[in-house]
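This report sets out selected features of a single protein model. Please consult the sequence and the coordinates alongside the text.

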Amino acid sequence: MTHPLAHTLSRFAIARPRVVFAAFALLTLALAPGLARLRVDTDGNALVPEGAPEVLVDRAVRARFDLRDVVAVVVEARGANGVFETAVLELVEALTREFERIDGLAPGEVTSLATERADRVVPGRLEFRGWLDPLPRTREDLAALRASLDQVGIFAGTLLSTDAQRSATAILVRVPPGVDRPQLVRAIEAAILRCESAMSDASARDSLSVHVVGAPVVESL
């Protein structure tokens with residue numbers, strides 16, 4: 001059953017279409033200055049009242065432990081050796097360095113196998129090497145790296161996939177407070193395109209997939 005008000009309005013619009021169109025045009029012009037300054041907040045917290053207990057507890061926990069939302073860039077390798085191929089690890093290293101140069105990211109905001117320290121030191125100095133320093137290029141070095149990471153174990157489920165093949169590795173980008181999230185995601189995607197285009201091994205490039213996931217990515221769509 002049609003509401004009486006809706007019925008009256010529809011009859012009026014049919015009887016005086018020019019008046020209705022003119023009214024909507026004037027309304028649009030009146031709203032135009034405000035629409036130009038309209039900012040859509042896609043953060044999920046914007047949907048919850050500021051004073052809600054859940055929001056306050058979440059905010060306190062994040063502040064205490066410096067927790068941030070994370071953009072995860074997952075490099076998936078379909079080869080028999082998973083990510084333990086020189087070309088794949090070169091891509092991980094290149095992506096890590098590109099992400100670290102993104103405006104708005106502070107040092108330490110990017111975490112990957114290229115940033116984590118191993119249990120080996122630089123000869124003559126008490127400075128721990130990174131897992132990809134030097135980058136393994138022989139089958140023996142790649143197998144040794146895989147064995148060392150499996151022995152440590154802590155990276156399985158964090159920076160390495162948990163399947164036996166170790167078919168994926170993640171590069172984690174912590175999102176700083178107040179950063180423009182859509183702009184950050186666009187910068188990450190642009191860096192991925194640059195690094196993939198720079199890969200010299202075409203067969204390795206074709207066997208890879210790079211996925212960008214995380215709550216900030218969803219909010220930026």
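The sections below treat the basis of the model, its nonpolar core, its salt bridges and its surface.

## Basis of the model

The model is predicted; local features require pLDDT of at least 70 and side-chain atom pairs pLDDT 80 or more, whereas totals for chains, interfaces and linings use all residues. Residues are numbered from 1 along each chain as its sequence is written, and side-chain values use heavy atoms, with hydrogens and water left out.

## Nonpolar core

The largest nonpolar core holds 42 residues, of which Val75, Leu91, Leu95, Phe99, Leu132, Leu149 and Ile188 touch the most other members. Such a core is a set of buried Ala, Val, Leu, Ile, Met, Phe, Trp, Tyr and Cys residues joined through side-chain atoms within 4.5 Å. Elements that each supply at least two residues include β1 (70–77), α4 (86–100) and α6 (181–198); the largest contribution, seven residues, comes from α4. Helices (H or I, at least four residues) and strands (E, at least two) are DSSP runs, numbered from the N terminus.

Leu91 touches Val75, Cys195, Glu196, Met199, Leu208 and Val210, leaving aside residues up to four places away in sequence; contact here means heavy atoms within 4.5 Å.

## Salt bridges

The whole structure contains 11 salt bridges, each a side-chain nitrogen of Lys or Arg within 4 Å of a carboxyl oxygen of Asp or Glu. Glu98 is buried at 18% relative accessibility, where buried means under 20% relative accessible area, exposed over 50% and partly exposed in between (1.4 Å probe, protein chains only). Glu98 forms a salt bridge with Arg101 (3.0 Å, N to O) and another with Arg194, the closest N and O atoms being 2.7 Å apart. Because Arg194 lies in helix α6 and Glu98 in helix α4, the latter pair ties together parts that are 96 residues apart in sequence. Arg101 is exposed, at 56%, and Arg194 is partly exposed, at 46%.

Glu219 and Arg181 also form a salt bridge, with closest N and O atoms 2.9 Å apart. This pair links helix α8 (residues 215–220) to helix α6, its members being 38 residues apart; both Glu219 and Arg181 are buried.

## Surface and strand β6

Phe65, in helix α3 (residues 53–65), is exposed, with a relative accessible area of 57%. Ser209, in strand β6, is by contrast buried, at 19%. Ser209 touches Val74, Val75, Glu76 and Arg78, not counting residues up to four places away in sequence.
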